[in-house]
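Subject: Structure handover

Hello,

Here is the structure I promised to pass on. Please open it next to this message, and then read on for the notes.

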Amino acid sequence: PDIEDQMNWHGKPLGDKSEAVISHLTSLIKNPAAERPSITSPANDVPAVTITNVSLASAPGYNIGDKVATRQAYGTGLAKLVQAHTRIVALDGDMKNSTFSQNVIKVDKDKFIECFICEQNLVGVGIGVACRDRTIAFISTFAAFLTRAFDNL
């Protein structure tokens, strides 16, 4: 009360208005006698997995003197990693034809996660799938767009 939509209040302590604000918020509670929900800790019952011994399924088929774009070599290598290891996943920020991460779809479509044009989400999903060593996540986008996700790192 008396501070909503007023200038110079955002992010500041309430000071002598504290009691009035707490009283107002308390009046909005529909069922003050309700029990607080019990939040249980996550179960630690996941099976042990290994993300070691990762290598390419086969060597790249390049010859000396071949001119291959780095992004194309990345896509080829990523697909070969997916072929060789069950825990590799690829995530992309709607750039799969430019980063060549689309090569993974040809190998195993279930190992590819399209996060579209939202690099913050791309990084967040990558962190999530890699959590507790569940996967080795490769996120693919352009560096200029990845800067949007720095806060998520």
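What does the accessible surface of the chain come to, and what share of it belongs to carbon and sulfur atoms? The accessible surface is about 11100 Å². Carbon and sulfur atoms account for 56% of it. Please keep in mind that this is a predicted model.

Fold first. The chain has 6 helices and 3 strands. Read from the N terminus, the order is α-α-β-α-α-β-α-β-α.

Next, overall dimensions. The C-alpha trace spans about 75 × 40 × 20 Å along its principal axes. The radius of gyration of the chain is 25 Å. A compact globule of 153 residues would have a value near 15 Å.

Then packing. Of the 153 residues in the chain, 23% are buried. I also looked at contacts between residues at least 6 apart in sequence: 61% of these join residues at least 24 apart.

On charge, the chain carries 15 positive and 16 negative charges. Their mean positions lie 10 Å apart.

Is N103 buried or exposed? Its relative accessibility is 13%. The cut-off for buried is under 20%, so N103 counts as buried. Which residues does N103 touch, leaving aside those up to four places away in sequence? They are G75, T76 and A79.

Best wishes

Methods
Residues numbered from 1 in each chain as written. Predicted model: local features only at pLDDT ≥ 70, side-chain atom pairs only at ≥ 80, totals over all residues. Heavy atoms only, no water. Helix = DSSP H or I, 4+ residues; strand = E, 2+ residues; numbered from the N terminus. Rg over C-alpha atoms; globule rule 2.2 N^0.38 Å. Buried < 20%, exposed > 50% of the residue type's maximum accessible area, 1.4 Å probe, protein only. Contact = heavy atoms within 4.5 Å. Areas by Shrake-Rupley, 256 points an atom, 1.4 Å probe, with all protein chains shown as cover. Lys, Arg positive; Asp, Glu negative; His and termini not counted. Charge placed at Lys NZ, Arg CZ, Asp CG, Glu CD.
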